[in-house]
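Student: Please take me through the helix packing, the chain contact and the strand pairing of this structure.

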There are 2 protein chains.
Amino acid sequence: MARVTLKTIADEVGVSRTTVSNAFSRPDQLNPELRRRILDTAERMGYAGPDPAARTLRRGRAGVLGVVLTEEISYAFTDPYATAFLRGLAEVAEPSSTSLLLMTWPDDASADASVREAIVDGFVAFCLYEGHPALEALRQRRLPYVIAGEPRIEGVPFVGIDDRAAARRLASYLLSLGHRRLGVIHHGFADPDLDAAGTSGAVAARLAGFREAAAEFGVDWADVPVVRTLHSRDGGHAAAQELLALDPRPTAILATTDLMALGALRAADEAGLTVPADLSVTGFDDIPGAADAGLTTIRQPKTEKGRAVGRLLLDPPQPEAPSILMGHELIIRDSTSLPHDL
Amino acid sequence: MARVTLKTIADEVGVSRTTVSNAFSRPDQLNPELRRRILDTAERMGYAGPDPAARTLRRGRAGVLGVVLTEEISYAFTDPYATAFLRGLAEVAEPSSTSLLLMTWPDDASADASVREAIVDGFVAFCLYEGHPALEALRQRRLPYVIAGEPRIEGVPFVGIDDRAAARRLASYLLSLGHRRLGVIHHGFADPDLDAAGTSGAVAARLAGFREAAAEFGVDWADVPVVRTLHSRDGGHAAAQELLALDPRPTAILATTDLMALGALRAADEAGLTVPADLSVTGFDDIPGAADAGLTTIRQPKTEKGRAVGRLLLDPPQPEAPSILMGHELIIRDSTSLPHDL
DNA sequence: TCTCGCTTCTGGATCGATTCAGACAAGTTC
DNA sequence: GAACTTGTCTGAATCGATCCAGAAGCGAGA
């Protein structure tokens, strides 16, 4: 038996396909009684409603936004940061009757198929990183997309915080406590001596912020040890070990992310140092583990960020690729205090 | 400027639309050199690849499975149970180049739109409950779907454990420790006196399992206090208070889910009772919090369950709506021991 | 009576791809 | 040399809806 379509119903009721279509999609366009009769017939014949694929093709609108996450879907949702962001996104998507398609980027070689074949009106690139293959796949798909958090790419709409200002604020706080011997851990490809104004990437911006604060407090950046490492807890651990072996030892370590800062805390513990009495440590991002570890860090307005991304994708396209910088918050916890030797 | 389609490329290269289509989807159907030329032209003209909506319409296959979760998306992913299940599902979906569309069921009145308009080949109803509105929406959509975990509905494929056997095993364990004064907390609509064979619903099956075990050990079910409550921690708390106020007080409380069992643990604590010395408590499901609370419970094969669901949806449709019962595991932790008065 | 406006319904064009039967040329087999 | 493969490409039909211009019917106003 052939599939039940609009035409099946139309023939049965004795009206045109258009009228049946209207019964489902534009109730004000036909007589209520006729509509009732059509819907009844549809239910009786087992019609499942207008085929979404056909409708999307004709309408040119899918009513779906794709959210491209990194490979670890469980992590993305365990993370309160991600859930808050998605809540904000869903909030603005809902009134436009748009739903969210959560997509991971599998390790698989054919990973880009998920982006190539997704039936969506646009994409959100959520917290990827520079050079992530999904970014190239998104470009090729030639649909609107917004990058949330990271990285910044010339000509692509972006929503995030002003990493430079936030980093400057964080470093200023440490310096105003009296710290003068700083150590920095980062995970960027950027040259830390390069002014960030002309570069892209959150890491470079954060380093630039640190540097500006140092200048402001009369600390010569050339004297600040800067260690580059892998973006992981272990990376932070190793880098911190390196910094703590210096003489004179830094009284404060600034990591460009919480993850590495957590590794640094472990290194301090292993070195027999008490945080914050012997050593202050700061992170960046306020990831879930940060609160437990009492880490001083920078927090972003997660839900509001999601809303901003949604608006960017759902509102009429802007002439210029817009970038939205959101506010941030300095979260002071127990990993920072006055330097010991004061 | 008109959108770039297959035809645009075909005209530019001077071949038919079919050939361009083949260049993308069936590379072995044309001369490699011509293919190269087509792909180059496509890239040059900014062609985004075959439109997924059009392809889906023509092919009649979306390459997507919809997973209907309850309203709390963050919970679903915080829950190791759900992530393990989804991992199994993704595992079998991947070889069929099928991806997963994670759908929530918003509180909103138009919630069923997400099911009506999803472009998918089938659905998974993940841990819903009897009477959940999504179930009716799924039925109306007339696509294949499988219910995972709960509830059981006549004629709808189901994957889960044999709740009755598992419950019987759990209760037998308690009884074999020597407990004779049991108390039961459940959250079902089912009549606990009804034999579960003819009923549906995991709750009824679990109660039936308890009852069978009681009979086996010579405990008269009529003497066992059974309290029905809301499915929440607080519900379990209130129900346990009720049971603990009885004289003689039960030496063991069996809850039909971990969530309620956790509430019961709190009630025991508040009543000044030590678990398990003064009171044994058991749950069901092995939710994340169960391990932390040291709760004795039943665990299901989560990943394997996901795989089974995936196979059911992706393999050629079966003549009979199949139900797959998986094995389970009795997890003995610190919330159970010999009864105090032995 | 004629025109206008409103409601209600129709038929054909269209969205952008895939499928299928078949055309054509070049090489193989007997 | 006829019959058969094989490789390569084409054109029309098709998937299931929505959109658009317009037609029919009907009551109101001039």
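This is a predicted model: local features need pLDDT of at least 70, side-chain atom pairs count only at pLDDT 80 or more; totals for chains, interfaces and linings use all residues.

Student: Is H1(A) perpendicular or oblique to H3(A)?

Tutor: The axes of H1 (residues 6–13) and H3 (residues 32–45) of chain A come within 10 Å and cross at roughly 120 degrees. Roughly perpendicular covers 65 to 115 degrees. Therefore H1(A) is classed relative to H3(A) as oblique.

Student: Which element gives the most residues to the side of chain A that touches chain B?

Tutor: The contact takes 28 residues from chain A and 29 residues from chain B. Elements giving two or more residues to the chain A side include helix H5 (73–78), strand E2 (99–103) and helix H8 (133–141) of chain A. By class, that side has 12 nonpolar, 11 polar and 5 charged residues. The most, 5 residues, come from H4(A).

Student: Which residue stands opposite Ala148(A) in E4(A)?

Tutor: Both faces of strand E4 (residues 145–148) of chain A are covered, with Tyr145(A) and Ile147(A) buried on one side and Val146(A) and Ala148(A) buried on the other. Strand E3 (residues 122–126) of chain A pairs with E4(A) in the parallel sense over 4 bridges. Opposite Ala148(A) stands Phe126(A).

How values were computed
Residues are numbered from 1 along each chain as its sequence is written. Chains are lettered from A and ligands numbered from 1 in the order in which they are written. Axes are lines fitted to C-alpha atoms, for helices over the stretch in contact, and angles run from 0 to 180 degrees between N-to-C directions. Angles under 35 degrees count as roughly parallel, over 145 as roughly antiparallel, 65 to 115 as roughly perpendicular and the rest as oblique. Two residues are in contact if their C-beta atoms, placed from the backbone, lie within 7 Å. Ala, Val, Leu, Ile, Met, Phe, Trp, Tyr, Cys and Pro count as nonpolar, Asp, Glu, Lys and Arg as charged, and the others, Gly among them, as polar. A residue is buried if 20 or more other C-beta atoms lie within 10 Å of its own, exposed if 12 or fewer, and partly exposed in between; C-beta atoms are placed from the backbone. Two strands pair if DSSP finds at least two bridges between them.
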